[in-house]
Amino acid sequence: MELNYQEVVQKLKEGFPQGTVKFRSDNNRAYIPNQVYTDRVERATNSQWDLTIKEIEINVPHRYIKVIVTVTIGPHHRDGYGFSVIEKDAAGEPIRLANALDQAANEAVKTALDTWQMGWSTLAPFYKEDWGGNPALRHLLVSDPPPEPGDSFPVVPNAKIDRFCIFSNCGKQLTHDEWELLGQIPRFNRNKMTYCYEHLPNFWKRKIPEDVRKDFENRRNG
Ligand SMILES: [Zn+2]
């Protein structure tokens, strides 16, 4: 199967369903489990991706493991690094090395995938005080209250918002435009029946005012 790099990257960047984000027990920072990342890459590339370990450094005296990996998708590859701390037993002997190695390797894969902006839109709301609140990355936070008039960052119709299609196994993140469209359907509760356009039942599609629907489809296909 032919791999369309642009499409793959688009899929990698897509947000994850609600509940994906977990919080670390030690510092309470938000993160997305690495299985979720791997699953996304698998699906987005139809398993056509590759992972090579470039370097492993196990430094017992200084109690750390460093791993550098290369992730390859189509003709492009990105490096990622990961560190973990080596634990010691009461006698000062290193323990659970395999565990620490796994941790560093997982971290390295995540760092590499992060360069494709994987998980950014899902994590941004949790890092508003940090990078997530940066004006240049504001497109990641479009689920925020709409901008004030005169704001220099107008809502982008196809920007993703923090709503997800409830159709079984879809879970697609809705665009601002899709959400607004649902709001135009008479007697329709978009908070309960949150569907992406594709999965919106025809019964409801027919209730969308003709001109609204045409405009929407033009923007969508345009
Ligand atoms: Zn859907």
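This is a predicted model: local features need pLDDT of at least 70, side-chain atom pairs count only at pLDDT 80 or more; totals for chains, interfaces and linings use all residues.

Here is the request, followed by a connected answer.

Reader: Which residues of helix α1 are buried, and what covers them? I would also like to hear what lies between domain 1 and domain 2.

Author: Helix α1 runs over residues 5-13, and its buried residues are Tyr5, Val8, Val9 and Leu12. These four sit on the same side of α1, because the arc they cover around the axis is only 100°. Among the elements that cover them are helix α2 (34-45) and the strands β4 (64-73) and β5 (76-85). At the N-terminal end of α1 you will find a cap: Asn4 places a side-chain oxygen 3.1 Å from the backbone nitrogen of Gln6.

Now for the wider setting. The protein is divided into domain 1, residues 5-123, and domain 2, residues 156-222. Taken over C-alpha atoms, the centres of the two domains are 34 Å apart. Contact between them involves 6 residues of domain 1 and 4 residues of domain 2. About 430 Å² is buried between the domains, and carbon and sulfur atoms give 46% of that area. On the domain 1 side, Glu14, Gly15 and Gln18 lose the most area to domain 2, together making up 63% of what that side buries. As for specific pairs across this boundary, there are 0 salt bridges, while 1 residue pair is in polar contact, with both residues at pLDDT 80 or more.

Note on methods:
Residues are numbered from 1 along each chain as its sequence is written. Side-chain values use heavy atoms; hydrogens and water are left out. Buried means under 20% relative accessible area, exposed over 50%, partly exposed in between (1.4 Å probe, protein chains only). Helices (H or I, at least four residues) and strands (E, at least two) are DSSP runs, numbered from the N terminus. The arc is that of the directions from the helix axis to the C-beta atoms. Contact means heavy atoms within 4.5 Å. A polar contact is a pair of N or O atoms within 3.5 Å; within protein, one must be able to donate a hydrogen and the other to accept it, and residues adjacent in sequence count only if both atoms are side-chain atoms. Domain bounds come from an automatic or database domain assignment. Buried area is the accessible area (1.4 Å probe) that two parts lose on being put together, summed over both. A salt bridge is a side-chain nitrogen of Lys or Arg within 4 Å of a carboxyl oxygen of Asp or Glu.
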